[in-house]
Structure formats: C-alpha cells, structure tokens
Amino acid sequence: MSFFGFGQSAEVDIVLNDAETRKKAEHKTEDGKKDKYFLFYDGETVSGKVNVTLKNPGKRLEHYGIKIEFIGQIELYYDRGNHHEFVSLVKDLARPGELSHSQSFDFEFTHVEKPYETYTGQNVKLRYFLRATISRRLNDVSKEMDIVVHTLSTYPELNSSIKMEVGIEDCLHIEFEYNKSKYHLKDVIVGKIYFLLVRIKIKHMEIDIIKRETTGTGPSVYHENDTIAKYEIMDGAPVRGESIPIRLFLAGYEMTPTMRDINKKFSVRYYLNLVLIDEEERRYFKQQEITLWRKGDIVRRSMSQQATIASQRFEGSDRSSSEKVPEPKEEKEDSS
Amino acid sequence: MSEPTVADTRRLNSKPQDLTDAYGPPSNFLEIDVYDPQTVGVGRNRFTTYEVRMRTNLPIFKTKDTCVRRRYSDFEWLKNELERDSKIVVPPLPGKALKRQLPFRGDEGIFEDSFIEERRVGLEQFINRIAGHPLAQNERCLHMFLQDESIDRNYIPGKV
C-alpha cells in the first residue's frame, strides 16, 4: 500500500511459461463460485515469470528481497489460523536492494511433488498456489495464484463386485449386487436388486450417492454427510423372485476421488445408499462404500511421462531422456 | 493389455422369476377395514363402536381373517402400549374431540354422523399404518387388539 503517492509502489504478477498450452480445470470455491485454474499433475514442473511493475516510473523501489513460493496446504475451517503445509518450496528471485525499473524474474520449481488432489469441501480445503512476495519495511507486496491438482490412477488390478444378502427377519430379504467396488468418475454403476422375501408393501426404491467428509482426529472427529444424487430405480411393488436392474452414470454428478486420511487431516468417502420406501413412508436402507478414482484423459502417455519423472526424482535428476526408464506397473516389466 | 474405452453397461445376469411368484398372491397382503359404526347405550353412557376386520396372509398373524368390535378408547390403549413398549414412532390418532363432549351444543356432539365418519377414516388410517410396521407386528398388544374378542387390560405386555 502506498502512502498518498509518496515513495514507490509496485504490482506483482505471476505468469506461467506454458499458459497458452496448459489445460485449465473448473473448481468450485468456498463461496460456491466456479472458476477455472491451470491444471497440474504430480511430478510436473511449475515454471514461469514474476513480473514486477513499478507504479511511479522514475522512482526506485526499495525492498528486502523478492521471492516466489510454491505451497500446498490444508486449511480446516474451524481452525483457520493454522495452515498445515505439506509442500513448501521457495525460490529467491532478488536479494535485498533496489529496483529502478519494472522487471521480470524467471522461476522454475522442477518436478514438484503434488501428492494430493485439490479439494474444497464443507469443513476443509486443500489448495496449491504460487505466491510471489516483495518484502518491504512496512508492508509486503504479494500475489497469489491458485492452481488445481488432479491425482490420477489406472484401472485397479483387483476390482471385485459387491454382492450381499440383507434384510429384516421374516419381513424383507434382498440380495443386492454392484458390478465393481472401485469406480472411476465417469464410470457406470451396473447392478441389480433381487427380492427374496417381500412381506411389506414397498412403494418405490431409490439409490443415493452420499459423500461423507470427515475432519478432525480422535475424540473430535466430525462427519459431514451430503447426498450428491438420488436416483429412483423402481416404482411399484415388487414380489419374490423379481430382479430390478441398476444403471447409474456417474459422469453427471460432481464428485471427487475417494480421499483417505489425507495428511492425517481429513477424508472424503463415498457410499451407495439403497433405500426402499413402503406405503407408509417408512424407509429401509443399506449403505455400502465404494471407491472413486480419477482416470487420466490420455492415460498411456501421461503415465509414461509421470513414470519417467517419478523415476528421475527417485534416482537423481541427471538422467538424459534417451536412457531407458522402467515401464509403469501395468505393462510388461523391462529389464533395464 | 488394452483398457476398455467404453463401459460395459449390460444388465447383470439374474435368475428367471418363478411364474407362481410372478402371478400368485403377493406375500405382503394385509388389509384392515374399520367400518359399521354403532352407537350403543343410552343418555350419557353412550359410546360408539366400530367393526375392525383384518385380512392377511402374513405368517406373523395367527388368524388370517378376523373381525372384532372396538371403541375409540381401545385405539388409545393400543397407542399407549406401543409408545411405552416399542421403539417405533406411533402415528397420531384422530382427535379426542373434548369440545364435542361439552353440554349445550347445537348438534349431536360426538355422535354426529359427519364426526363419526371423520373418526372412522382416521382410525382406519391409524390401524393400517401400525399393523404394517415390522416392529409393531412383534408386540402382543397389537395381536390382542386385532384378533382377540375383547381386550384384557391386565395382560402381560411382551413380544410375540
């Protein structure tokens, strides 16, 4: 902040090198607005320029240093003061001194680890951002630029179906089956409900998708449940021996991958809730957890690239691109 | 190994349904009618009774076709027993209509035809809602209400 035009003030701006080519992803912010942010994956390099623009040409800008940080942090809404940083990288761009004219500083955070997915929820948010700061005597000038990180997975090796017989003794027995236990975000839930015993008057049946966000640990655990979807699968009264099919397309719903115990701070889990409603509006339900994962758009290529980056990070960064690198897990192992 | 690009959305295999299951009577048949209101007694000792007829094929009911006469206070008794002994939320009864029992009314009070019909509908809704509840079906008081000639208020409460 400048004091009524005395002295010099500056504006800071962050521009990515690949701003023209990099994809953007939509993300809903805390106040419900949807915005687009640059999309990054684990292991990708974050590079660009910090542009410092002096507001009053001709005057010098005294500063105590210019730096840029790459931060990944978790913020619990009930404890806003404490940010839990799980990634914190810093690059010094200029030593304390003076700027006589507007200037641009290059930066590169090479092969940055981004272990978790960006998440904005009811009680917690996880974000990644770049922050450029000009340190000054009275107040710093800084600018933040949020990015969105997606975590990708591949088709799981084991993906058993869920099949179970449940009911109320002598009243209602059903067998439900869902074709998988792990679904990607654009997958289809294919299943069926088979009625073994029906001694109540069922009016209709629906399947709900419930998102449960868990924050806190130990005695102060808090669950926030949100019904993402309600999908009626049967209207009318079934009898013994009837089989009701389920076909639920997940792409139409706003969901995230399942997140388990992220940095020991929060979890986001998804459940299928099968609900039967009888003629007196009594509800009978059975909840079952499913695992959601995010499939990459061009899986083959990006997995190879990520594997290359990951192996370089693990073994040291001086491997040239012409060297053989271990193949990702799901392909045949190469002896290298 | 090639990954599937389009999800397989074909139905899961299921057993074909037995035709007697498909076209036979359903296993959840339960119908209770509350009808034929009769006012008995004279003067201030009058009260109205209703015929309560239950037809069912649920195995939990010993008799599949019963007919008994009950008055409003019998329904109240059932509601109280269920509220005390079972964990269910008992639906409401039609009103007690105390105002109608005060003297100097222009009409027949609680013996007015329109009122009796209103009450009959409410009692029928009440008993059907309750009798279809899986937890209420375990209570002795419900079975006694529906199937015994008269209600023994000194019975031993319990589960069937």
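Modeller: Start with one pair. Glu254(A) and Lys34(A) form a salt bridge, and their closest N and O atoms are 3.0 Å apart. Keep in mind that this is a predicted model.

Now the two parts themselves. Chain A is divided into domain 1, residues 10-151, and domain 2, residues 162-293. Their centres, taken over C-alpha atoms, are separated by 40 Å. Even so, the domains touch. On one side, 16 residues of domain 1 of chain A take part, and they are in contact with 15 residues of domain 2 of chain A.

How much area is buried there? Between them, the two domains of chain A bury about 1300 Å², with 62% of it on carbon and sulfur atoms. Three residues stand out on the domain 1 side. Tyr116(A), Tyr119(A) and Asn123(A) supply 38% of the area that domain 1 of chain A buries against domain 2, more than any other three residues.

Next, the polar side of the interface. Two salt bridges are counted between domain 1 and domain 2 of chain A. There are also seven residue pairs in polar contact across this interface. As for strands, three of chain A each supply at least two residues to the side of domain 1 that touches domain 2: strand 6 (66-76), strand 7 (83-94) and strand 11 (124-134).

Then look inside. Nonpolar side chains tend to be buried together in soluble globular proteins. The largest nonpolar core here has 74 residues, and Leu130(A), Tyr178(A), Ile193(A) and Phe195(A) touch the most other members. Take Leu130(A) as an example. Among the residues that Leu130(A) touches are Ile14(A), Leu16(A), Val46(A), Phe107(A) and Phe109(A).

Finally, step out to the neighbouring chain. The contact between the chains takes 28 residues from chain A and 27 residues from chain B. About 2500 Å² is buried between chain A and chain B, and carbon and sulfur atoms give 55% of that area. Two salt bridges are counted between these chains. Arg129(B) forms a salt bridge with Glu280(A), with the closest N and O atoms 3.3 Å apart. On the side of chain A that touches chain B, strand 16 of chain A gives the largest share, six residues.

Methods. Residues are numbered from 1 along each chain as its sequence is written. Chains are lettered from A and ligands numbered from 1 in the order in which they are written. This is a predicted model: local features need pLDDT of at least 70, side-chain atom pairs count only at pLDDT 80 or more; totals for chains, interfaces and linings use all residues. Side-chain values use heavy atoms; hydrogens and water are left out. A nonpolar core is a set of buried Ala, Val, Leu, Ile, Met, Phe, Trp, Tyr and Cys residues joined through side-chain atoms within 4.5 Å. Buried means under 20% relative accessible area, exposed over 50%, partly exposed in between (1.4 Å probe, protein chains only). Contact means heavy atoms within 4.5 Å. Buried area is the accessible area (1.4 Å probe) that two parts lose on being put together, summed over both. A salt bridge is a side-chain nitrogen of Lys or Arg within 4 Å of a carboxyl oxygen of Asp or Glu. Helices (H or I, at least four residues) and strands (E, at least two) are DSSP runs, numbered from the N terminus. Domain bounds come from an automatic or database domain assignment. A polar contact is a pair of N or O atoms within 3.5 Å; within protein, one must be able to donate a hydrogen and the other to accept it, and residues adjacent in sequence count only if both atoms are side-chain atoms. Lists of a residue's contacts leave out its neighbours within four places in sequence.
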